[in-house]
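The following paragraphs lead through a structure step by step. Please keep the sequence and the model in view while reading.

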Amino acid sequence: MYILGIESSCDDTSIAILEDDKVIINLISSQHFHSKYGGIVPELASRAHLEVISELVIDALSQSNLTMKDIDAIGVTTNPGLVGSLLVGANFAKGLSIKYGIPVVPVNHIEGHIYSGNIQNPNLDFPLISLVVSGGHTAIFKVNSYSDYELIGSTIDDAAGEAFDKIAKLIGKTYPGGPIIDKLAKSGDTKKYDFPRSLKHQKNYNFSFSGLKTSVRYFVQKEFPNGLKEEDLPDICASVQEAIVDILVYKTILASKEYNIKTIVIGGGVSANSRLREKFNEYQKEEYQIIIPDMEYCLDNAAMIGNIAFNKLNNSEISKYMNLDFVVNSNPIRA
Ligand code: KG4
Ligand code: ZN
């Protein structure tokens with residue numbers, strides 16, 4: 001079965017083609033122009049998706065030596081995300097469905113990240129613990145099977161990626177701030193400054209990052225009243241990054257210990273962070289199986305959406321997905 005995956009929930013337009021659960025191609029077009037506005041401008045994001053989406057489908061098909069007539073089904077992200085951006089992908093999918101008479105599977109973006117570890121490890125052992133950490137979400141799930149998972153903790157305010165982005169802005173850097181802080185931190189001292197690890201002493205799997213952002217703001221005002229110089233940044237970035245990574249790893253390992261689950265899968269844009277990867281990989285030595293997908297499957301991508309669509313089609317009547325009544329929404333809870 002050939003599946004066309006479509007992802008347009010935020011600022012990346014992505015088109016993938018899968019043969020069953022095997023990815024043939026995964027194209028991602030990122031909207032870098034948002035950096036000059038300091039964050040994503042929703043109206044501009046949806047227009048930019050519209051400009052590239054059909055070209056990306058044409059490219060994906062030609063690079064796979066396929067045509068639309070070979071495609072058996074479509075999987076498309078319908079929630080959560082920016083509504084205008086989601087509408088572009090969902091309506092494009094509906095149009096293709098009507099023209100080619102093929103089913104469309106509506107897919108939850110977070111489910112895509114939760115199961116992104118399956119793309120390169122199709123025989124994952126369940127149950128597992130999944131940390132989804134991106135610009136919009138920071139959550140821990142206990143995943144029991146391909147179709148059954150439960151949310152066991154999440155951020156009570158900002159997402160970890162949002163903290164990276166807001167703190168980067170505070171020190172004069174552009175959006176997205178995560179990769180910039182990651183790079184600057186490489187030459188800094190992680191122990192130079194002590195920033196808060198909120199909720200560390202609470203015995204739950206929740207996170208809070210808004211206090212960290214505030215504490216960095218006051219710290220900069222107090223310690224650098226005449227403004228920051230470029231040479232001040234590596235130590236600040238290394239210490240901030242350490243605080244974020246420390247709490248992400250701590251709570252995930254806490255969940256894994258308390259549920260006695262040794263397989264951990266990490267997904268979402270922040271899993272690109274080099275220090276996060278390094279810290280989790282230290283647990284690999286201690287009988288944990290840590291699965292961090294390759295970068296192209298960590299960031300927003302359509303392969304993870306096609307992967308969910310394949311599993312849903314495999315486990316239910318295909319005719320169910322000929323119904324195009326589905327709508328998009330920004331709600332992170334499954335519709
Ligand atoms: O999953 P994603 O592409 O989009 C959603 O938010 O759904 O994640 C984007 C987020 C941004 O906040 C960005 O700053 C962060 O991932 N990010 C990173 C790194 N690369 C991307 N954060 C820390 N270190 C990185 N290397
Ligand atoms: Zn995402």
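A residue is called buried when its relative accessible area is under 20%, exposed when it is over 50%, and partly exposed in between (1.4 Å probe, protein chains only). Helices (H or I, at least four residues) and strands (E, at least two) are DSSP runs, numbered from the N terminus. The model is predicted: local features need pLDDT of at least 70 and side-chain atom pairs count only at pLDDT 80 or more, whereas totals for chains, interfaces and linings use all residues. Residues are numbered from 1 along each chain as its sequence is written, chains are lettered from A and ligands numbered from 1 in the order in which they are written, and side-chain values use heavy atoms, with hydrogens and water left out.

E7 is mostly covered, with 6 of its 6 residues buried. Thr 138, Ile 140 and Lys 142 point one way from this strand, Ala 139, Phe 141 and Val 143 point the other way, and all are buried. In a regular strand the side chains alternate between the two faces of the sheet.

With E6 the pairing is antiparallel over 6 bridges, and the two strands form a hairpin with 4 residues between them. With E8 the pairing is antiparallel over 5 bridges, and here the hairpin has 5 residues between its strands.

Rings of Phe, Tyr and Trp (its six-membered ring) pair if their centres lie within 6.5 Å; planes under 30 degrees apart count as stacked, over 60 as edge-to-face and the rest as tilted. By this rule the count comes to 11 aromatic pairs. One of them joins Phe 126 and Tyr 146 edge-to-face, at 4.9 Å centre to centre with 75 degrees between the planes. Phe 126 lies in the loop between helix H4 (117–120) and strand E6 (128–133) and Tyr 146 in the loop between strand E7 (138–143) and strand E8 (149–154), so the pair ties together parts that are 20 residues apart in sequence. Phe 126 is partly exposed, with a relative accessible area of 25%, and Tyr 146 is partly exposed at 30%. Phe 141 and Tyr 149 form another edge-to-face pair, at 5.7 Å and 80 degrees, and both are buried. Ring pairs link Tyr 115, Phe 126, Phe 141, Tyr 146 and Tyr 149 into a cluster.

The zinc ion (ligand 2) is coordinated by His 109 (NE2), His 113 (NE2) and Asp 300 (OD), at 2.1 to 2.2 Å. Donors are N, O and S atoms within 2.8 Å of the metal (3.2 Å for Na, K and Ca); water is not among the atoms, so sites may look incomplete. In sequence the donor residues are spaced H-x3-H-x186-D. His 109 lies in helix H3 (residues 109–114) and Asp 300 in the loop between helix H10 (295–298) and helix H11 (303–314), so the pair ties together parts that are 191 residues apart in sequence. His 109 is buried, with a relative accessible area of 4%, and Asp 300 is buried at 13%.

Key
Two strands pair if DSSP finds at least two bridges between them.
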